[in-house]
Amino acid sequence: MKLKRFFLPMMAMLLLLSGCKKEYVSVTYGSQVETYRVNVTPSQWKEATGYQPGSNNYWFCTLSIPAIDDEVFKNGTVQAYVWNVYDVSQNLGAWNLLPFVYPLEVYLPNDQGGQDLVMVPENMRFEWEKGAVTLIVQDLDGYRPVEIAETLSFRISVIKNM
């Protein structure tokens with residue numbers, strides 16, 4: 001009986017270990033990082049399509065980033081961040097990695113004929129291709145996003161592995 005208690009676990013361990021094989025992974029030390037700080041003004045945003053409810057409505061801005069080359073496509077990456085001020089009274093903010101649900105503050109008409117300051121959440125994301133980054137602001141429900149009335153700050157980092 002003692003032999004079975006010892007023998008069965010040893011056989012199971014032998015079967016598990018026999019399925020393992022060595023794999024060699026090359027590790028690259030160090031990367032080259034180029035970071036761009038860009039302020040996008042309201043006039044730089046373009047509307048993707050004419051407004052159609054439920055359609056793919058969004059605002060976009062394409063920026064030229066020459067550092068995004070073939071080497072970045074092969075072994076690198078691009079990261080983008082948006083600066084979000086979360087406490088205006090103390091001018092405190094933080095960089096937020098895209099995609100990010102950005103709290104845009106806009107004035108919307110109210111029933112009394114005036115305007116109310118309202119926080120509208122918009123999905124902010126980016127796409128990159130050789131030589132360019134496209135920033136995209138899209139409404140969460142597919143309708144036309146509110147017009148961007150403030151200058152937004154972005155940080156774009158191009159990372160090349162050495």
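Biologist: Which strand supplies the largest share of the lining of the largest pocket?
Modeller: Bear in mind that this is a predicted model, where local features need pLDDT of at least 70, side-chain atom pairs count only at pLDDT 80 or more, and totals for chains, interfaces and linings use all residues. Numbering runs from 1 along each chain as its sequence is written, and side-chain values use heavy atoms, leaving out hydrogens and water. At least two lining residues come from each of β4, β6 and β9 (strands are DSSP E runs of at least two residues, numbered from the N terminus). The largest share, five residues, comes from β4.

Biologist: How much space lies in that largest pocket?
Modeller: A pocket here is an open set of points on a 1 Å grid over the protein atoms alone, where a 1.4 Å probe fits, with protein on both sides within 12 Å along at least five of seven lines; lining residues have an atom within 4 Å of a point. Taking volume as the space filled by probe spheres set on the points, joined across faces, edges and corners, the largest pocket holds about 250 Å³.

Biologist: Which residues of the lining are closest to the centre of the largest pocket?
Modeller: There are 14 residues lining the largest pocket. The closest to its centre are N84, V85, Y102, P103 and E150.

Biologist: Let's zoom in on N84. Is N84 buried or exposed?
Modeller: N84 belongs to strand β4, and its contacts (heavy atoms within 4.5 Å) beyond four places in sequence include L92, F100, Y102 and P103. Its relative accessible area is 12%. The cut-off for buried is under 20% with a 1.4 Å probe, protein chains only, so N84 counts as buried.

Biologist: Over to the open sheet: which are its edge strands?
Modeller: Its five strands pair antiparallel in the order β2-β3-β8-β7-β6. Inside that order, β7 (residues 115-129) and β8 (residues 132-139) share eight bridges, and N123 has Q138 as its bridge partner in β8. Each edge strand pairs on one side only, and these are β2 and β6.

Key: Two strands pair if DSSP finds at least two bridges between them. Helices (H or I, at least four residues) and strands (E, at least two) are DSSP runs, numbered from the N terminus. Buried means under 20% relative accessible area, exposed over 50%, partly exposed in between (1.4 Å probe, protein chains only).
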